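Work through the exercises below with the sequence and the model side by side. Try each task before reading its solution.

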Amino acid sequence: MVDQNAADGQMRFLPADDRTPVILVTGLDRPALSRIADALIAEHGSVQVHHDLTGVGEGQVVRTLSWHELDGRRRQAVTVIELAHGCVSCTLREDLLPLLRRLHRRSSVRRIVLTLDPILEPERIAWSVEHVVVDGLPGVPAAPAALDVRVDSTIAAVAEDGWLDQATGDLALCEVLPVPPDDERTLAQVAVGQVAFADALVIAGSDAAARDAWESARLAAVLKRLAPRAPMMFELPERPITPLLMEHLRAAIPRSSRRGRIDGPHDPLLADEPSLDPDCGVTWMEFHTDRPMHPGRLHDAIDSLLDGVVCARGRLWLATQPDEALWLESAGGGLRVAPGGSWLAAMDDDELARVSPERRALGALRWDDTHGDRHSSLVVLLHRGDPADITEALRAACVNDVELAAGQEFWDTLDDPFGQFHADPCDDVDIEAPMADSPATGDSSDH
């Protein structure tokens with residue numbers, strides 16, 4: 001295998017990757033997911049894996065394997081699986097991850113098309129493939145599924161006439177789709193997460209006569225900023241998805257695309273260099289400060305990140321929590337604040353030795369003799385909001401000159417609604433510990 005895109009322009013030979021490629025197909029539109037998967041498995045040697053979660057309320061998951069024989073006939077194998085511990089995540093791990101390792105060992109399988117149920121986020125699946133150890137397979141060493149398979153690409157289906165409303169609203173996921181009773185995600189969180197992780201997009205378009213040109217342009221502006229390197233293909237009534245079109249779409253994915261990569265809280269917030277220029281009222285804005293945030297005033301400022309905003313994400317230096325960054329993430333009307341890992345300045349030598357050179361280099365660029373690498377950085381994707389209003393609200397949430405001079409001893413006396421033992425959760429803002437399976441914080445299987 002030859003790398004012709006090396007940074008220094010030199011051609012290098014790379015070790016062959018014999019792992020079976022996995023294509024993740026994700027999105028909220030079930031019919032579009034099915035059409036994309038059908039086109040991807042038309043080639044002999046491709047097998048589709050799909051876990052239907054519409055029956056989770058009855059404690060069942062239906063797994064379907066689909067493939068084509070040499071003579072072109074489509075075959076299916078359907079298995080009904082009982083929920084493990086009543087938990088969707090555990091059920092998928094215990095069935096999907098061993099299945100991926102077994103399929104890799106079948107000589108007839110050249111690629112796997114993993115069609116995700118609409119309630120699933122591809123980032124969590126990719127994280128599990130990479131990190132969750134699969135044990136107990138006869139003759140197979142205990143290891144993550146990533147030893148045998150690799151996420152080749154993620155293709156997201158987007159409904160042209162409904163996705164933007166889904167991604168900017170405040171509906172709970174349970175109001176729209178069947179989910180376990182303890183699933184508190186919003187529809188917007190899932191919609192935004194699916195697109196932001198995608199390497200390619202298929203826009204399920206409406207009839208030309210019913211299309212609103214302005215709304216279509218605004219949708220495209222949002223998608224291009226959420227997934228800046230993802231090629232987009234419109235599926236129109238007069239131009240349906242075909243196997244050839246899907247292969248052209250996949251061929252247009254840049255080699256440097258995400259392809260299952262998990263970003264951490266201390267990675268660049270605007271990866272893949274999205275456009276910062278406004279388009280149809282859609283724009284990214286950035287906020288940076290080397291002052292700590294006042295916890296109470298930041299809490300009051302959070303509403304500014306929910307009005308006219310598609311999503312926001314970033315690191316926070318909270319005056320009352322000097323050792324650990326907080327990770328803020330919002331989509332539509334839902335927002336989550338969770339631990340984001342220690343600052344370099346709060347680490348001992350052993351912890352620092354495990355930090356990537358890239359993060360140490362970025363920390364050195366902004367190092368302060370007193371506060372080290374502590375800072376707050378947020379990026380916000382707006383579709384109707386005013387960047388000036390958000391900047392003003394966040395600036396007001398920083399400690400002022402008097403509070404800054406008072407130092408950590410004073411900061412420790414401030415009330416902290418983001419604290420670990422906060423006993424009065426807000427009615428309008430979701431402030432919680434990291435969700436199970438969060439790539440930023442590791443894996444949890446407690447119930």
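**Exercise 1. Two helices**

How are H1 and H7 oriented to each other: roughly parallel or roughly perpendicular?

Solution. The model is a predicted one.
Step 1: locate the helices. H1 covers residues 30–40, and H7 covers residues 243–251.
Step 2: take the geometry. The packing angle is about 90 degrees, and the axes lie 8 Å apart.
Step 3: classify. Angles of 65 to 115 degrees count as roughly perpendicular. H1 and H7 are therefore roughly perpendicular to each other.
Step 4: list the residues in contact. H1 contributes Ile-36, Ala-39 and Leu-40. H7 contributes Pro-243, Met-246, Glu-247 and Arg-250.
Step 5: sort them by class. The contact of H1 with H7 has five nonpolar and two charged residues, and no polar ones.

**Exercise 2. Strand pairs**

Which way do E3 and E10 run, parallel or antiparallel? Then treat E4 with E5, and E5 with E6.

Solution. Step 1: recall how pairing works. Strands of a sheet pair through backbone hydrogen bonds, either parallel or antiparallel.
Step 1: take E3 (residues 20–27) and E10 (residues 149–159). They run parallel and are joined by eight bridges. Thr-26 has Ala-156 in E10 as its bridge partner.
Step 2: take E4 and E5. Six bridges join these antiparallel strands. Here His-51 is partnered by Arg-63 in E5.
Step 3: take E5 and E6. They are also antiparallel, with nine bridges between them. Leu-65 stands opposite Ala-77 in E6.
Step 4: inspect the turn. The hairpin of E5 and E6 has five residues between its strands. In this hairpin Gly-72 takes a positive phi near 95 degrees.

**Exercise 3. The surroundings of one leucine**

Is Leu-316 buried or exposed, and which residues does Leu-316 touch?

Solution. Leu-316 lies in E14, residues 309–316.
Step 1: apply the cut-off. Buried means under 20% relative accessible area. At 1% relative accessibility, Leu-316 therefore counts as buried.
Step 2: list the contacts, leaving out residues up to four places away in sequence. Leu-316 touches Leu-298, Ala-325, Leu-326, Leu-328, Trp-343, His-375, Ser-376 and Leu-378.
Step 3: Arg-374 is 58 residues away along the chain, yet its C-alpha atom is separated from that of Leu-316 by 8.6 Å.

**Exercise 4. Cysteines and totals**

How many disulfides does a search of the whole structure find?

Solution. Step 1: search. The count is zero disulfides.
Step 1: check two cysteines for burial. Cys-280 counts as buried at 17% relative accessibility. Cys-311 counts as buried at 3%.
Step 2: take the totals. The protein has 13 helices and 17 strands. Of its 447 residues, 50% count as buried.
Step 3: look at contact range. Among contacts with a separation of 6 or more, residues 24 or more positions apart account for 71%.

Note on methods: Residues are numbered from 1 along each chain as its sequence is written. This is a predicted model: local features need pLDDT of at least 70, side-chain atom pairs count only at pLDDT 80 or more; totals for chains, interfaces and linings use all residues. Side-chain values use heavy atoms; hydrogens and water are left out. Axes are lines fitted to C-alpha atoms, for helices over the stretch in contact, and angles run from 0 to 180 degrees between N-to-C directions. Helices (H or I, at least four residues) and strands (E, at least two) are DSSP runs, numbered from the N terminus. Angles under 35 degrees count as roughly parallel, over 145 as roughly antiparallel, 65 to 115 as roughly perpendicular and the rest as oblique. Contact means heavy atoms within 4.5 Å. Ala, Val, Leu, Ile, Met, Phe, Trp, Tyr, Cys and Pro count as nonpolar, Asp, Glu, Lys and Arg as charged, and the others, Gly among them, as polar. Two strands pair if DSSP finds at least two bridges between them. Buried means under 20% relative accessible area, exposed over 50%, partly exposed in between (1.4 Å probe, protein chains only). A disulfide is a pair of cysteine sulfur atoms within 2.5 Å.
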